[in-house]
Amino acid sequence: MLTILYRGPLASCDYDCPYCPFAKRRDTPEQLRTDRAALERFCGWVAGQDQELSILFTPWGEGLVRSWYRRALVTLSRLPQVRRVAIQTNLSCRTGWLGDADRDAVALWCTYHPGQTPHDRFLTKTTELTALGVRFSVGVVGLPEHLEAARLLRAELPDSVYLWVNAAEGHEYTDADAAGWIGIDPLFEFSRSPHRTRDRACRTGDSVVSVDGAGTVRRCHFVPEVLGNLYDGSFRDALRPRPCPLDVCDCHIGYVHAEQLPLYDVFAGGVLERIPAEPVWLPLPARRENDLELIRSASHGRSVNCVAAGETTH
């Protein structure tokens with residue numbers, strides 16, 4: 001299976017986060033037409049493939065306020081060769097359109113921006129996603145001024161929803177600082193400091209590639225070397241295992257593919273939408289209660305693997 005990280009030319013965003021270079025940026029009508037045409041061309045290419053694909057849209061701006069991104073997720077989710085299609089989003093869009101998507105394939109990586117949207121409004125959107133049966137994770141940027149808002153969100157989200165924390169770019173965390181964020185996201189240590197990656201194995205450039213709006217293929221968003229083009233197929237001969245040429249990798253969408261880290265096991269089945277395979281964020285008693293719920297479900301005729309008990313109950 002080939003994983004594609006797609007980032008078209010879209011750069012407009014409806015939020016005004018002070019740390020983001022795309023805050024309140026506005027694309028011209030011509031730029032929006034170019035982005036739409038690029039995305040539609042990409043979807044047409046996907047539709048013509050026999051190979052299994054997983055796709056993560058990582059737009060610089062906010063994609064789901066644009067109809068063509070919503071339509072792309074619905075269309076691609078219904079294709080039999082698409083194992084997963086996900087997108088990074090601030091969740092400012094409406095959610096009802098996801099009712100037309102294949103919920104086994106579609107997923108959202110949602111970022112909560114305190115101060116940019118009311119807490120209750122964002123929480124309502126997550127409730128709507130849960131009701132629709134859409135897989136999603138929620139996260140925040142680990143700025144000190146966001147800590148209490150993140151704690152409140154964690155307290156109000158269902159136990160089934162993972163809340164991740166991204167280390168703020170350029171921000172150093174003392175052990176005491178980190179402890180506060182680890183209390184929300186036990187996996188925060190993976191984000192806390194950049195990972196040394198030079199000359200170490202990475203799946204990018206082999207089973208994972210980055211694609212831009214023109215179809216230019218690179219190993220990932222952070223390595224400028226061109227491997228070829230998606231639309232003429234020239235990238236395929238360049239796919240092979242290769243070490244990372246960068247000293248460090250400090251972005252989750254990059255280092256999650258580094259073979260030195262255990263994250264493909266941690267996020268098995270949910271790498272693109274950033275959902276761990278096991279509810280590592282739950283306190284042990286809650287995890288045990290969750291296992292009991294699985295056992296109760298099994299009593300209605302389904303076989304369930306009980307991780308805590310280490311056995312299968314029928």
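These are my notes from looking through one structure.

**Entry 1: the whole chain.** I am working with a predicted model. I began with the overall make-up. The chain has 314 residues, and 51% of them count as buried. I then listed the secondary structure and found 9 helices and 15 strands. For the surface, I got an accessible area of about 14,800 Å² for the chain. Carbon and sulfur atoms account for 50% of that area.

**Entry 2: helix H2.** Next I turned to H2, which covers residues 67-77. How many of its 11 residues are buried? I found 8, so the helix is largely enclosed by the rest of the structure. I wrote down the buried residues by name.

**Entry 3: Asn229.** Last, I looked up a single residue. Asn229 lies in strand S11, which runs over residues 226-229. Is Asn229 buried or exposed? Its relative accessible area is 18%. The cut-off for buried is under 20%, so Asn229 counts as buried. I then asked which residues Asn229 touches, leaving aside neighbours within four places in sequence. Ala214, Gly215, Thr216 and Val217 are in contact with Asn229. Ser234 and Phe235 are in contact with Asn229 too.

Conventions:
Residues numbered from 1 in each chain as written. Predicted model: local features only at pLDDT ≥ 70, side-chain atom pairs only at ≥ 80, totals over all residues. Heavy atoms only, no water. Buried < 20%, exposed > 50% of the residue type's maximum accessible area, 1.4 Å probe, protein only. Helix = DSSP H or I, 4+ residues; strand = E, 2+ residues; numbered from the N terminus. Areas by Shrake-Rupley, 256 points an atom, 1.4 Å probe, with all protein chains shown as cover. Contact = heavy atoms within 4.5 Å.
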